[in-house]
Amino acid sequence: MTLLEARNLVKEFAVAGTAGLFKPAAKFTAVDDVSFELHAGQTLALVGESGSGKSTTARLAARLLDVTSGTVLLDGQDVTRAEGDDLLRVRRTIQVVFQDPFSSLNPRHTVEQIVTAPLRYQKRPIPGGTRAVAQALLSRVGLNPDHVGRYPAQFSGGQAQRIGIARALAVGPRVLVCDEAVSALDVSVQAQIINLLRDLQREEGFGCLFIAHDLAVVRQIATSVAVMTAGRVVETGERDAVFGAPQHEYTRKLLAAVPRIRPEWEAARRRNAVAR
Amino acid sequence: MSLLSVRDLTVRFGSSAPPVVDGIGFSVPAGGALGIVGESGSGKSMTSLAIMGLLPPGASRTGTVFFDGQELTALSERKMREVRGNRIAMVFQDPLSSLNPYYTVGTQIAEAYRSHRSGVGRRAARQVAIEAMERVHIKEAGRRVDDYPHQFSGGMRQRVMIAMALSTEPELIIADEPTTALDVTVQAQILDLLAEVRRDTGAALILITHDLAVVSEVADNVVVMRHGNVVETGSTEQIFSDPREAYTQALLDAVPRIDDEIASLRSLGGDL
């Protein structure tokens with residue numbers, strides 16, 4: 001069964017300043033008839049440039065925003081308008097990792113409070129106490145478990161993003177939504193977080209909805225790819241098909257614009273590295 | 001002779017803290033393109049600010065910077081102002097915060113020009129602004145010269161900044177992460193524009209960026225920085241095909257490739 005499915009999602013926003021006393025505001029359609037399927041253990045990347053609607057789509061699928069129309073199915077169940085206990089079940093199943101680790105971590109809370117917060121909000125029993133759970137979570141994301149008492153400001157950007165991932169993992173989610181989760185990181189740290197996400201997915205088997213504008217990053221992590229522009233999905237397919245033989249003109253334009261290191265330099269560098 | 005030559009440049013905040021730029025040196029020939037690459041905290045932006053004499057309060061600079069035979073580090077602030085924004089122009093990452101929202105872009109380009117060309121009237125300067133905007137391919141420049149910054153998209157604002165930089169016909173353009181805030185298709189357009197400008201005007205370029213692929217496409221020579229030091233300097237081909245230093249090798253290994261899935265992206269030690 002499909003883990004998470006979006007059917008014909010539409011999201012309209014009212015345009016500020018266009019409403020009159022008896023006149024409704026003009027509508028801007030941020031997401032326009034978007035459908036996708038996400039399976040367990042797989043990573044679906046939503047790629048596109050700014051304003052393409054990729055983040056809004058992710059927020060609709062994670063029930064962080066309400067749809068204007070369309071359907072969100074979780075394990076085949078319609079959760080589009082889920083409330084109360086039903087919504088709580090959605091929150092247990094879907095967790096989100098955001099772009100800026102520092103602005104999504106409360107600076108006045110210790111790491112222990114931060115990573116166990118989802119469990120407390122969802123009023124779940126915490127076996128062995130929050131300290132033990134927090135330490136186990138930190139170990140899983142490659143952080144020192146003795147640092148549970150520290151505050152976010154005491155960590156580097158890459159470490160803070162690991163804390164964000166630990167918090168998302170706390171409830172044992174089956175869907176992880178990563179919204180530009182590695183975009184703000186230095187290239188060496190970015191590589192570590194991509195590796196971590198790949199390893200965790202192998203161990204936990206969660207499905208991952210990966211929102212990114214960086215196509216080279218997507219190439220490293222995605223199983224399948226949906227290319228968005230102006231609120232619509234213009235192309236979707238297996239990763240290697242989309243990158244190797246893009247069908248839509250926009251996908252081709254996007255791929256052509258990515259700066260590349262010359263292949264002959266890359267080949268020479270590999271030869272030289274072996275010789276060294 | 002080099003157009004710009006930097007020797008033993010050091011920048012520090014306070015006397016006890018370790019320097020953020022630690023005795024570095026490099027040079028740029030007339031018409032050349034130098035890429036300075038490094039991760040955050042490597043000192044690459046501080047280096048460009050130190051060259052321009054634009055360091056933030058509390059920072060101090062030692063070492064020498066020669067530009068066209070003139071020692072910039074020995075110039076008074078008044079003399080430096082004749083060089084900065086005139087013979088050496090800068091383009092920053094975020095064009096919106098470099099432009100004043102209360103003035104039209106035409107006024108801003110014209111005033112920047114007039115501040116370096118005494119005796120030029122407003123009408124003549126406005127004409128210079130329109131021509132500069134045409135040169136960076138802003139359509140209907142004669143009309144858009146009267147638009148405000150918010151009426152331009154991010155890529156168009158960066159074109160305005162480049163137009164402003166070009167208006168005084170500088171010999172050197174220092175561009176600090178000029179495309180980092182832009183979408184990839186817009187980035188490609190701006191990089192093409194910078195290449196075209198260099199071809200047409202013969203200006204030299206220092207491109208400061210964290211993006212190794214961008215540097216590989218733009219620069220003739222590359223300086224790799226880390227923790228305020230120059231790790232390695234070489235031709236772009238040498239740096240990318242035969243890096244000598246372990247850090248450069250590791251940095252190149254960590255770059256995600258669009259053509260290839262790497263089994264495990266190599267990551268650099270140190271910052272967990």
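Trainee: What makes E7(A) and strand E8 (residues 207–212) of chain A count as a pair?

Mentor: Two strands pair if DSSP finds at least two bridges between them. E7(A) and E8(A) have 5 bridges, in the parallel sense, so they pair. Val175(A), for one, stands opposite Gly207(A) in E8(A). From E7(A) the chain crosses through helix H6 (residues 187–204) of chain A to E8(A), and this β-α-β crossover is right-handed: with the strands pointing away from the viewer, the path from the first strand over the helix to the second runs clockwise. Helices (H or I, at least four residues) and strands (E, at least two) are DSSP runs, numbered from the N terminus.

Mind that this is a predicted model: local features need pLDDT of at least 70, side-chain atom pairs count only at pLDDT 80 or more, and totals for chains, interfaces and linings use all residues. Residues are numbered from 1 along each chain as its sequence is written, while chains are lettered from A and ligands numbered from 1 in the order in which they are written.

Trainee: Which strand pairs with E7(A) over 4 bridges?

Mentor: Strand E6 (residues 94–97) of chain A, again in the parallel sense. Val96(A) sits opposite Val177(A) there.

Trainee: Why is strand E7 (residues 175–179) of chain A called largely enclosed by the rest of the structure?

Mentor: A residue is buried if 20 or more other C-beta atoms lie within 10 Å of its own, exposed if 12 or fewer, and partly exposed in between, with C-beta atoms placed from the backbone. In E7(A), 5 of the 5 residues are buried, so the rest of the structure largely encloses it. Val175(A), Val177(A) and Asp179(A) point one way, Leu176(A) and Cys178(A) the other.
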